[in-house]
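Okay, everyone, thanks for coming. Let me put this one up on the screen and we'll walk through it together.

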Amino acid sequence: MLSFSPKKLHDRRPAAAKPVRAPFAGSATLAMLAGALCSAPAGAAISDTLHPFVAVTVSHDDNLFRLPDAVAGSDAPRGDTIRQVQGGLLFERPIGRQVLSGQAKLSKVTFANNDQLNYDGKDFLAALEWHVGNHVEGHVGSSYTQTLTPFTDSHSNERNLRVQRREYVDGAWRFHPSWRVRGAVNEDKAEYDLLSQRFNEHTEKGAELGVDYLASSDSRVGLQVRRVKGLFPNRRIIGATVIDEDYDQNELKANVYWRFSAVTQLQFVAGWVDRKHAFFTQRDSSGSNGRGTLYWTPTGKVRFTLSGWREYGFVESSTVSSSLNNGASLAADWDISAKVRANAQLKRETRDYIFFTNSASQDSSSDTGRTASLGLTYAPQSAIQLGVTLSHEVRNGGAAIGTGSYSTNGVSFNASAQF
């Protein structure tokens with residue numbers, strides 16, 4: 001599916017929080033919006049600081065609840081059509097050498113067959129890029145997102161809103177033309193609206209310290225240590241056992257950005273990780289962990305991004321809360337013309353579940369998911385975008401956490417304008 005991504009303001013602006021996805025309510029709605037957008041004036045933004053935007057996305061998913069292939073839908077068809085209308089404001093304001101930026105966005109999401117899932121999405125982000133003198137700089141920021149919890153690992157047809165909060169501070173001191181030290185702290189929190197999913201609520205607190213060598217070629221090589229504390233305030237109960245899911249994680253990783261040329265760059269953060277759990281310590285593990293990304297731009301109009309990772313992930317399930325994920329993805333973008341852009345992505349990921357006990361059978365302790373998408377975007381004017389995306393997803397395994405195997409197909413239409 002295609003989600004609206006507002007036009008970039010400035011390279012220093014942090015990436016906006018991910019928009020909420022939405023699906024298809026009828027071609028008439030999209031046609032009316034597209035006509036209005038194309039007839040609207042495409043003047044400059046109302047100011048250098050504020051940039052309002054509006055968007056409508058309609059899409060269809062033929063297996064909304066990610067049901068196993070052999071299971072029929074209960075009270076409604078397996079598929080659904082969803083419409084999302086959103087509006088918001090991007091802002092960026094230099095204050096001397098500091099830069100204040102962010103966004104505020106509200107969404108109205110409605111489902112054709114499952115109107116009990118209708119909800120109002122919220123997305124707020126504020127960030128400050130700060131500088132002290134010529135050698136000390138960093139960021140401080142906060143974000144808030146309210147959206148519908150995905151059905152990937154839970155098939156309940158009840159509405160379960162998820163609120164995610166994040167606060168962070170980071171800073172770096174370039175004490176030598178070729179060397180800098182840096183540090184960061186962050187706190188990420190997830191809360192759930194559905195009472196039966198409250199045991200998945202968690203907070204992750206992290207602290208990091210690193211040192212980098214900065215080459216004249218714009219490459220850098222660094223080493224960093226990081227400590228993460230995972231906290232689950234609501235205890236999960238399985239049988240007569242009350243489970244403490246808290247964990248401590250220590251990391252030692254290389255942090256490298258290598259600029260081979262203007263065409264090819266490599267970035268990776270990888271090394272050694274040790275995770276220890278408060279309950280059922282047989283789950284404790286250590287070993288290689290990290291993520292790497294290769295950027296290749298053979299021409300000015302074609303870009304490829306190849307990524308691979310081995311890292312811990314969170315599972316929103318009633319029987320499993322975490323997994324060790326191994327995956328890879330390949331994305332391509334092609335500027336067909338000044339107004340038309342195509343994009344495609346392939347992704348494969350295997351999740352090895354980390355169970356609370358050792359009762360699960362080995363043959364059902366993992367799942368493998370594969371996704372593919374193909375999109376086309378048309379920009380009749382610089383502030384207006386129209387797009388369509390096709391998507392396909394397949395997952396094998398997952399019986400141990402009650403998800404089974406499934407497949408789903410989707411189509412999404414999008415129209416957006418920034419003023």
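Let's start at Ala331. This is a predicted model, and in it Ala331 is buried, because its relative accessible area is 18% and the cut-off for buried is under 20%. You'll find Ala331 in strand 16, which runs over residues 320-335. So what does Ala331 touch, if we don't count residues up to four places away in sequence? The answer is Arg303, Phe304, Thr305, Ala344 and Gln345. There's also a distance to look at here: Ala331 and Ser307 are 24 residues apart along the chain, and their C-alpha atoms are separated by 8.7 Å.

Now two serines. Ser142 sits in strand 5, residues 136-148. Is Ser142 buried or partly exposed? Partly exposed, because its relative accessibility is 31%. Setting aside neighbours within four places in sequence, Ser142 is in contact with Phe124, Leu125 and Ala126, and also with Arg166, Glu167 and Tyr168. From Ser142 to Asp188 you go 46 residues in sequence, and the C-alpha to C-alpha distance is 9.9 Å.

The other serine is Ser391, in strand 19, residues 384-397. Ser391 is partly exposed too, with a relative accessibility of 22%.

Okay, on to the backbone. Arg66 isn't a glycine, yet its phi is positive, at about 55 degrees. Where does Arg66 lie? In the loop between strand 1 (50-61) and strand 2 (80-95). And Arg66 is buried, since its relative accessible area comes to 13%. Phe280 also has a positive phi without being a glycine, near 50 degrees. That one lies in the loop between strand 13 (264-277) and strand 14 (285-299).

Let's zoom out to the whole chain. The secondary structure comes to one helix and 20 strands. Of the 419 residues, 41% are buried. And if you take contacts between residues at least 6 apart in sequence, 57% of them join residues at least 24 apart.

What about the inside? The largest nonpolar core has eleven residues, including Leu64, Phe65, Leu67, Ile82, Val109 and Phe111. Apart from that core lies another, of five residues, among them Val315, Val320, Phe355 and Ile401.

Then there's the empty space. Rolling a probe the size of a water molecule over the atoms shows where it is left. How many cavities of 30 Å³ or more does the count come to? Two. The largest cavity has a volume of about 90 Å³. Its lining includes Thr149, Pro150, Phe151, Tyr192, Leu194 and Glu316. By type, the lining residues divide into four nonpolar, six polar and two charged. Keep an eye on Phe151, by the way: you'll find Phe151 in the lining of the largest cavity and in the largest nonpolar core.

Last thing, confidence. The chain averages a pLDDT of 87, and 84% of the residues score at least 70. Over residues 1-45, though, pLDDT stays under 50, and for that stretch the model has 116 contacts beyond four places in sequence. Where pLDDT is low, the predicted coordinates should not be read in detail. Okay, over to you.

Definitions and conventions: Residues are numbered from 1 along each chain as its sequence is written. This is a predicted model: local features need pLDDT of at least 70, side-chain atom pairs count only at pLDDT 80 or more; totals for chains, interfaces and linings use all residues. Side-chain values use heavy atoms; hydrogens and water are left out. On a 1 Å grid over the protein atoms alone, a cavity is a set of points where a 1.4 Å probe fits but cannot get out, and a pocket is an open set with protein on both sides within 12 Å along at least five of seven lines; lining residues have an atom within 4 Å of a point. Grid points are joined across faces, edges and corners, and a volume is the space filled by probe spheres set on the points. Ala, Val, Leu, Ile, Met, Phe, Trp, Tyr, Cys and Pro count as nonpolar, Asp, Glu, Lys and Arg as charged, and the others, Gly among them, as polar. A nonpolar core is a set of buried Ala, Val, Leu, Ile, Met, Phe, Trp, Tyr and Cys residues joined through side-chain atoms within 4.5 Å. Buried means under 20% relative accessible area, exposed over 50%, partly exposed in between (1.4 Å probe, protein chains only). pLDDT is the predictor's confidence in each residue, from 0 to 100. Contact means heavy atoms within 4.5 Å. Helices (H or I, at least four residues) and strands (E, at least two) are DSSP runs, numbered from the N terminus.
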